[in-house]
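Visitor: Please show me the model, and then let me ask how its terms are applied.

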Amino acid sequence: MTTLKYYGHACFSVSDGKTTLLFDPFLNGNPWEIATADQVNADYILVSHAHADHLGDTVAIAQRTGANIITTAEVCNLVGEQGCQNVSCMHIGGKINFPFGWVRVTLAFHGSGVPGGHACGFIVNFNGKVIYFAGDTGLFCDMRLLGELEAIDYALLPIGNNFTMGAQDAAVAAELLRAKNIVPMHYDSWPVIKQDPVEFKAMVEKGKSGSNVIIVPPGESIEL
Ligand code: NI
Ligand code: MN
């Protein structure tokens with residue numbers, strides 16, 4: 001049994017009860033207040049970029065749990081300077097095996113928060129389930145290529161607008177990716193990214209993607 005839990009904003013965990021992956025663990029200061037940094041466990045922490053609402057509590061959680069941080073070279077250097085030694089330094093285009101499956105680092109059109117860096121997304125195979133965590137990104141046409149390279153079971157897409165794609169562009173992303181399921185993220189945390197996920201769901205499900213949209217309220221989990 002594999003569980004995906006949404007901590008609000010862009011923070012998710014994926015766990016089979018033995019191994020837990022955390023994505024962009026922004027917990028302390030997260031307006032959704034689902035958990036604090038000292039309440040979560042992780043074996044791996046995947047960090048898309050170093051903006052505070054994504055890097056979040058990575059260093060504190062890694063230092064407490066010994067979790068392996070998987071991220072781009074520039075963010076690896078940043079967390080290394082803050083004392084984290086257990087890092088898997090990757091970059092866009094890399095696809096590496098891990099004990100739980102594999103991780104492919106994808107393009108994301110967004111700043112990295114580190115000079116000279118680049119934001120990224122991840123496609124992860126976790127015990128056979130393929131999850132695309134888009135990170136913060138605008139819409140880009142190579143999402144079509146990602147959908148051709150990997151058969152995506154769950155695509156976690158930002159819909160908040162302003163800093164990332166809005167709902168309309170995310171619905172186009174769904175058509176490019178051809179993921180079985182779409183989970184919206186990065187919305188309603190602040191007024192500037194207010195969106196209606198129900199409208200997004202209707203837009204995607206009447207489009208050509210064939211994807212189901214699963215709205216996961218912050219604090220709730222779904223079985224993958
Ligand atoms: Ni960002
Ligand atoms: Mn963000």
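Guide: What follows is a set of questions about terms and the values behind them.

Guide: This is a predicted model, in which local features need pLDDT of at least 70 and side-chain atom pairs count only at pLDDT 80 or more, while totals for chains, interfaces and linings use all residues. Residues are numbered from 1 along each chain as its sequence is written, chains are lettered from A and ligands numbered from 1 in the order in which they are written, and side-chain values use heavy atoms, with hydrogens and water left out.

Visitor: Why is Val204 called buried?

Guide: Buried means under 20% relative accessible area, exposed means over 50%, and partly exposed lies in between, with a 1.4 Å probe and protein chains only. Val204 has a relative accessible area of 3%, so the word buried applies. Val204 is found in helix H6 (residues 197-205); helices (H or I, at least four residues) and strands (E, at least two) are DSSP runs, numbered from the N terminus.

Visitor: Which residues is Val204 in contact with?

Guide: Contact means heavy atoms within 4.5 Å. Leaving aside neighbours within four places in sequence, Val204 is in contact with Ala171, Ala174, Ser209, Ser211 and Val213. Ala171 and Ala174 are among the buried residues of helix H5 (residues 167-177). The cover over the buried residues of H5 includes H6.

Visitor: Why is Arg178 called exposed?

Guide: Arg178 has a relative accessible area of 53%, and the cut-off is over 50%, so Arg178 counts as exposed. Arg178 is found in the loop between H5 and E12.

Visitor: What is the phi of Arg178?

Guide: Most residues other than glycine have a negative phi. Arg178 is not a glycine, yet has a positive phi of about 55 degrees. Glu33 also is a residue other than glycine with a positive phi, near 50 degrees. Glu33 has a relative accessible area of 69% and is exposed.

Visitor: What makes an atom a donor of the manganese ion (ligand 2)?

Guide: Donors are N, O and S atoms within 2.8 Å of the metal (3.2 Å for Na, K and Ca); water is not among the atoms, so sites may look incomplete. The protein donors of the manganese ion (ligand 2) are Asp53 (OD), His54 (NE2), Asp136 (OD) and His186 (NE2), lying 2.2 Å from the ion, so they meet the cut-off. The nickel ion (ligand 1) is 3.4 Å from the manganese ion (ligand 2), and Asp136 coordinates both. His54 lies in helix H1 (residues 52-55) and Asp136 in the loop between strand E10 (129-133) and helix H4 (143-149), so the pair ties together parts that are 82 residues apart in sequence.

Visitor: What makes a set of residues a nonpolar core?

Guide: A nonpolar core is a set of buried Ala, Val, Leu, Ile, Met, Phe, Trp, Tyr and Cys residues joined through side-chain atoms within 4.5 Å. The largest nonpolar core has 28 residues, and Phe12, Leu21, Leu46, Val103, Phe122 and Val124 touch the most other members. Strand E9 (residues 120-126) gives the largest share of this core, 4 residues. Apart from this core lies another, of 26 residues, among them Ala134, Ala171, Ala174 and Phe200.

Visitor: How do you know that E4 and strand E5 (residues 68-72) pair?

Guide: Two strands pair if DSSP finds at least two bridges between them. E4 and E5 have 3 bridges, in the parallel sense, so they count as paired. Leu46 stands opposite Ile70 in E5.
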